[in-house]
Amino acid sequence: MTLLTGRLLLSLLFVHEGVELAIHFDGAAKAMAALGVSLPLLMATIALQLGAGLSIGLGLLTRLGAVALGLFCLATAALFHTNFASQNEFLHLEKDLAIAGGMFVLAIAGAGAISLDRVLNGLMRRRQQDRETVAALIAAGSPLSVGDIKLPF
């Protein structure tokens, strides 16, 4: 339950920001242009925040989403929060680094028990076991009948 809570809290930050950027796209484009961020990069940022944010929240391809957002946070810190004379900028730098650290920990820990990753891994293991059973029966020369084969649906 702790991993689920952590995933949802991390996810919320990115999904919310992605939705806000998408809803206020014109204003976001102007603000980002002032910072030197091109329109394609803004669109990629929105897609990353929504896609990887939902990935983490749902626990689907969690490790990939966490690595992507961890790297995004490091890039954001390095590119936009470099004015160390400003206490506010330094605080944002520290927050970006802390969130990146949390993402990398999540990438190592995985999604946990309450996740779509776990459900999919269970299905894949079962399919692999079924393949191995069929391969063993064929190798042993056992005749198969329709009743011997269990379909996954």
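So, α4 gives the most to the lining of the largest pocket, six residues. Helices here are DSSP runs (H or I, at least four residues), numbered from the N terminus. A quick word on the source: this is a predicted model, where local features need pLDDT of at least 70 and side-chain atom pairs count only at pLDDT 80 or more, while totals for chains, interfaces and linings use all residues. Residues are numbered from 1 along each chain as its sequence is written, and side-chain values use heavy atoms, with hydrogens and water left out.

Back to the pocket. On a 1 Å grid over the protein atoms alone, a pocket is an open set of points where a 1.4 Å probe fits, with protein on both sides within 12 Å along at least five of seven lines, and lining residues have an atom within 4 Å of a point. The space in the largest pocket is about 730 Å³, a volume being what probe spheres set on the points fill. It has 22 lining residues, and closest to the centre are Met32, Gln49, Phe72, Thr76 and His81. At least two lining residues each come from α1 (2-23), α2 (25-34), α3 (39-58), α4 (62-80) and α5 (87-109).

Now, how do α1 and α3 cross? Their axes, lines fitted to C-alpha atoms over the stretch in contact, with angles from 0 to 180 degrees between N-to-C directions, come within 8 Å and cross at roughly 150 degrees. That makes α1 roughly antiparallel to α3, a word for angles over 145 degrees.

Key:
Angles under 35 degrees count as roughly parallel, over 145 as roughly antiparallel, 65 to 115 as roughly perpendicular and the rest as oblique.
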